[in-house]
Amino acid sequence: MSQGHTAGPPGAPTRPGRPRGPRRLVALGAALLAMALLAACGATDDGSTTTASCGAGATRLTFWGWPAGYDLAVEEFNRTHPDICVQLENAGATTAEYVKLNNALKAGSGAPDVATIEYFELPSFEITHSLVDLASYGVGSVRDRIAPAAWAQVTRGAAQYAMPVDLGPLALYYNSRELTAHHIPVPATWSQFAAAAATLHTQDPKAALTNFDAESPQDVLALMQQDGAFPFRYDGGDTLGVDFTGKRQMAFAAYWQKLIDAHEVTTATDFSPAQWSDLDTGATAVRLSPAWGPVGMQQSITKTVGDWRAAPMPQAEAGQEQSGNWGGSALAVVKGTRHARQAAEFVKWFGASADAWKILSGKVAGAFPGYLPLLDSPSFRGGTLPISAGSHPNEVFAQAAQHMTAAQWPPIMTAALTQWTSTFAAVSKGTGTLAQAFAAFQKQMVAYARDQGFTVTED
């Protein structure tokens with residue numbers, strides 16, 4: 001940590017020369033946020049450790065990570081790199097890990113050499129100078145192997161703060177049997193999407209085209225990104241842009257609110273039994289899905305397995321190819337490690353080698369690659385899943401991965417994620433509108449960011 005910076009909770013950095021302000025938004029349900037994210041990831045804070053058998057003289061590295069299959073990748077690295085021995089520890093998923101990492105950094109002991117950090121959380125650690133610049137260790141040499149949207153989220157100018165791993169590009173994942181039965185063509189534009197929603201609901205008042213969970217920030221932000229309405233702008237430093245009430249953002253809110261009011265989309269909680277039931281019975285015909293969605297979805301539905309197909313996301317205008325990203329993470333080398341060179345070698349192999357991705361994209365891990373050689377490979381694009389029968393969903397998702405504008409995540413995302421659910425709950429309940437929630441959230445985030453010492457622009 002550089003002098004003058006004190007690490008607070010991730011997403012709530014204290015700026016130099018500014019006294020610590022109250023952490024009002026972080027305090028609101030931070031524990032609940034961690035529990036919700038753990039449930040969504042299907043992970044638990046079990047503190048488990050994969051014990052590595054290290055050879056004599058090998059440099060030992062501690063790696064915090066929770067995603068499935070990471071243990072297999074670590075085993076392969078250790079087998080093929082006898083001079084480096086990585087021990088994987090599960091310090092909890094997402095927020096649970098970030099809290100522990102921040103506490104270790106503040107204490108000056110107990111931090112790992114390498115940590116899994118999602119893209120949206122990286123700026124919160126970057127601004128407190130908690131991450132090693134990997135550019136100093138030649139990790140940038142693999143840039144041409146990484147999807148541009150992934151690379152952009154781990155770099156700032158010439159500096160590189162993490163090694164990208166997976167991505168979550170969006171596609172329109174639809175029940176082909178259901179759309180065919182209602183004579184509805186796959187919508188290519190958002191105007192066609194709205195028309196399809198109206199047609200389906202008119203023909204079957206119990207059906208809706210898709211689900212829109214206003215209380216799911218990652219879901220909504222991914223859709224806003226795809227629509228060119230992403231509300232945050234951040235290029236590093238003390239200036240932060242927050243705009244939930246601009247023209248593009250209000251148009252986004254009006255579009256979805258119209259569908260909600262007409263009951264042409266549902267507002268079930270993502271990953272809930274209600275959502276899975278609607279998808280499995282035909283009550284919901286489309287899922288605006290990240291690339292990792294179909295694998296998990298086929299574990300939760302039974303009646304419509306084989307009926308689902310992938311198509312590009314609807315566009316503002318015909319002929320465009322813009323996608324959004326929901327999910328994905330990177331490996332960062334933590335400041336204070338005594339083995340930065342070896343840790344850099346490990347993360348470079350993990351995110352940008354064919355050997356690692358043979359494991360990470362396999363059935364156990366199921367990660368969707370930000371690794372271009374795999375994204376571009378006919379074998380990957382031609383893969384099938386039972387839920388999609390003989391079709392090739394990866395063909396669509398891989399194309400989407402290369403047509404994304406990287407999100408400019410701000411270093412206040414923990415506060416944003418914590419506050420989001422309570423602010424947007426009225427939308428799901430039907431007691432408030434999306435535009436009203438955007439306006440309220442704008443005020444909350446601007447006030448919070450300014451309290452942390454940022455100069456905030458609102459347009």
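## Basis of the values

The model is predicted, with local features requiring pLDDT of at least 70 and side-chain atom pairs counted only at pLDDT 80 or more, whereas totals for chains, interfaces and linings use all residues. Residues are numbered from 1 along each chain as its sequence is written, and side-chain values use heavy atoms, with hydrogens and water left out.

## Helix 18 and helix 19

Two packed helices are described by the angle between their axes and the distance between the axes. The axes of helix 18 (residues 413-429) and helix 19 (residues 434-451) come within 9 Å and cross at roughly 155°; helices here are DSSP runs (H or I, at least four residues) and strands likewise (E, at least two), numbered from the N terminus, while axes are lines fitted to C-alpha atoms, for helices over the stretch in contact, with angles running from 0 to 180 degrees between N-to-C directions. Helix 18 and helix 19 are therefore roughly antiparallel to each other, on a scale where angles under 35 degrees count as roughly parallel, over 145 as roughly antiparallel, 65 to 115 as roughly perpendicular and the rest as oblique.

The crossing of helix 18 with helix 19 is right-handed, a term for the near helix being turned clockwise from the far one by less than a right angle. In contact (heavy atoms within 4.5 Å) are residues of helix 18 including Trp420, Phe424 and Val427, and residues of helix 19 including Phe438, Phe441 and Tyr448. The contact of helix 18 with helix 19 holds 12 nonpolar, three polar and no charged residues, where Ala, Val, Leu, Ile, Met, Phe, Trp, Tyr, Cys and Pro count as nonpolar, Asp, Glu, Lys and Arg as charged, and the others, Gly among them, as polar.

## Helix 8 and helix 10

Helix 8 (residues 190-203) and helix 10 (residues 247-261) have axes that come within 11 Å and cross at roughly 10°, which makes helix 8 roughly parallel to helix 10. Trp190, Phe193, Ala194 and Ala197 in helix 8 meet Tyr255, Trp256 and Leu259 in helix 10, a contact of seven nonpolar, no polar and no charged residues.

## Helix 3 and helix 13

The axes of helix 3 (residues 70-80) and helix 13 (residues 340-352) come within 11 Å and cross at roughly 120°, so the two helices are oblique to each other, and their crossing is right-handed. Tyr70, Ala73, Val74, Glu76 and Phe77 in helix 3 meet Glu345, Phe346, Trp349 and Phe350 in helix 13, with seven nonpolar, no polar and two charged residues in this contact.

## Cavities and a pocket

On a 1 Å grid over the protein atoms alone, a cavity is a set of points where a 1.4 Å probe fits but cannot get out, and a pocket is an open set with protein on both sides within 12 Å along at least five of seven lines; lining residues have an atom within 4 Å of a point. Grid points are joined across faces, edges and corners, and a volume is the space filled by probe spheres set on the points.

The whole structure has two cavities of 30 Å³ or more, and the largest cavity has a volume of about 120 Å³. Among its 16 lining residues, Asn211, Asp219, Asp270, Gln275 and Leu288 are the closest to its centre. The second largest pocket has a volume of about 280 Å³, and its lining of 18 residues has Ala111, Pro112, Lys335, Gly336 and Thr337 nearest the centre.
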